[in-house]
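Hi everyone, thanks for coming.

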Amino acid sequence: MKQKFYDTAVKQEKAVLVGVITPNETDEIEKEHLEELEFLASTAGALTVTHFTQKLQRPDRATFVGSGKLEDIKAYVKEEEIDIVIFDDGLSPSQLRNIENELQVKILDRNNLILDIFASRAQTAQAKTQVELAQLQYLLPRLTRLWTHLERQKGGIGMRGPGESQIETDRRLILNKISLLKDKLKQIDKQNETQRKNRHQLVRTALVGYTNVGKSTIMNMIAKSEVFAENKLFATLDTTVRKVVIENLPFLMSDTVGFIRKLPHHLVECFKSTLDETREADILIHVVDISHPNFEDQIRTVNETLKDIGAIDKRIITVFNKIDAFKPEDHQVSQEEPLTLEDFRQSWMAKNNAPAIFISATKKENVEEFRALLYKEVKAIHTERYPYDALLY
Ligand SMILES: Nc1nc2c(ncn2[C@@H]2O[C@H](COP(=O)(O)OP(=O)(O)OP(=O)(O)O)[C@@H](O)[C@H]2O)c(=O)[nH]1
Ligand SMILES: [Mg+2]
């Protein structure tokens, strides 16, 4: 059953996005980034009305964009009755204060937006605790800014999560709460560790990848489970583990939170224990959305995040998913006909990311080859671990 995350009776908030184009970014890249920000905003329930960009050497220290640009934004916000202005980067506490004073409207930065989505997605005690911890850590240096002049009773984007009453408590109380949450997480961690130890010594595989690439869809297809999957960012926050059997060979597969560019560092920290499955896996199944024009950047982001959580030195299978939606023109591939599986196999994508496989999870294309590859990879580890079992499989 689909969950309902937002109260549709609440009026959809109108948002304006703001980004800075630095010299090492092209307009094209910034466009992609803003599209992603818009996707995040819509996942959080906001309607993006327009965006403003400015070319700068680096974001302005005081106000992120220059004062002239800020004036333009202010005029627009007033004219169009905008509810939120969302910045495509982390804002420092003082930037946030300055901008808010100037625009007199709710300001969110990228991190806060991601935290908000996480807060609305969190289901288990572990995820809820992790998000709450991250939100309080985000809030701590920004305590002076409490949107007091805004309609805070109404709630809405950026206001979910640790309740208003906590936000109003002083620094000391927040610090206390942070340490309580950390203790709680440690306890949950201990329970989970025991659970994981009890899972015998089956080979463990973990689906990893950028958000919205189809990890949960693949999990459902291979493990015949019913993990929540939808076309929104961060559909999955908790880790699900399923036992899969291919030709009598049993192994485990886990599905977990997706990665994203500029994931707030303390959020990665807080989610480290959710990512334990990934860290302890024998094989990572790196799912890539081949239909995304920027999938190469996404691969890079995922690899960097894997490095961050200490999970990069593993056997990695790359699964290029969504081949049904691949558009050659997005990738400077001049081809009239749709690419065949053989074309994909011969491509640089396969060569640079071996072993690689090309599938469509929703159209069930090339699934058998994927299962065969999984079998081969899992068997190699299984045989190494249990040489006497080799005859069984
Ligand atoms: N066209 C196409 N769409 C797909 C394919 N596989 C998955 N999708 C769609 O992509 C969207 C995201 O799928 P999910 O399985 O939720 O992706 P995820 O990687 O688990 O996403 P998060 O949990 O949000 O990180 C859904 O709308 C799927 O239906 C595919 O092979 N082709
Ligand atoms: Mg998912």
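Let's begin with helices: α1 (27–43), α9 (265–270) and α11 (295–308) each give at least two residues to the lining of the largest pocket. Please keep in mind that we are looking at a predicted model.

Which helix gives the most to that lining? It is α11, with 7 residues. The lining has 32 residues in total, and those nearest the pocket's centre are E36, Y210, I260, R261 and Q298. As for volume, the largest pocket comes to about 820 Å³. Sorted by class, its lining holds 12 charged, 11 polar and 9 nonpolar residues. In terms of domains, domain 1 (14–117) and domain 3 (199–392) each contribute at least three residues to the lining of this pocket.

Rolling a probe the size of a water molecule over the atoms shows where empty space is left. Here the count is 2 cavities of 30 Å³ or more. I'll take the second largest cavity, which has a volume of about 60 Å³. And what lines the second largest cavity? The residues are F118, V257, F259, L263, L267, V268, F271, L275 and T305. Split by class, that lining is 8 nonpolar and 1 polar, with no charged residues.

Next, an annotation. UniProt, in an unreviewed entry, places the feature "binding site" at S216 and T236. These positions span 21 residues in sequence, but no two of their C-alpha atoms are more than 7.6 Å apart, so they gather at one spot. S216 belongs to helix α8 (residues 215–223), while T236 is in the loop between α8 and β6 (240–246). Are they buried or exposed? S216 has a relative accessible area of 8%, under the 20% cut-off, so S216 counts as buried. T236, with a relative accessible area of 9%, is buried too.

Let me turn to helix α7 (residues 171–197), where there is a simple check on length. At 1.5 Å a residue, its 27 residues should span 39 Å, and the C-alpha atoms at its ends are 39 Å apart, so the two agree. Which residues of α7 are buried? They are I174, I178, L181, L185 and I188, together with N192 and R196.

Last stop: the backbone. Most residues other than glycine have a negative phi, and most peptide bonds are trans. With that as background, here are some exceptions.

The peptide bond from A354 to P355 is cis, with omega near -10°. P355 sits in the loop between α13 (348–352) and β10 (356–358).

Then come two positive phi values. E247 has phi near 45°, positive in a residue other than glycine. You'll find E247 in the loop between β6 and β7 (249–255). With 57% relative accessibility, E247 is over the 50% cut-off and therefore exposed.

K322 also has a positive phi, near 65°, again in a residue other than glycine. Its place is the loop between β9 (315–321) and α12 (341–346). Where does K322 fall on the accessibility scale? K322 has a relative accessible area of 22% and counts as partly exposed.

Terms used
Residues are numbered from 1 along each chain as its sequence is written. Chains are lettered from A and ligands numbered from 1 in the order in which they are written. This is a predicted model: local features need pLDDT of at least 70, side-chain atom pairs count only at pLDDT 80 or more; totals for chains, interfaces and linings use all residues. Side-chain values use heavy atoms; hydrogens and water are left out. On a 1 Å grid over the protein atoms alone, a cavity is a set of points where a 1.4 Å probe fits but cannot get out, and a pocket is an open set with protein on both sides within 12 Å along at least five of seven lines; lining residues have an atom within 4 Å of a point. Grid points are joined across faces, edges and corners, and a volume is the space filled by probe spheres set on the points. Ala, Val, Leu, Ile, Met, Phe, Trp, Tyr, Cys and Pro count as nonpolar, Asp, Glu, Lys and Arg as charged, and the others, Gly among them, as polar. Helices (H or I, at least four residues) and strands (E, at least two) are DSSP runs, numbered from the N terminus. Domain bounds come from an automatic or database domain assignment. UniProt positions are given in the numbering used here, feature names are shortened, and annotations may be inferred rather than shown by experiment. Buried means under 20% relative accessible area, exposed over 50%, partly exposed in between (1.4 Å probe, protein chains only). The expected span of a helix is 1.5 Å times one less than its number of residues.
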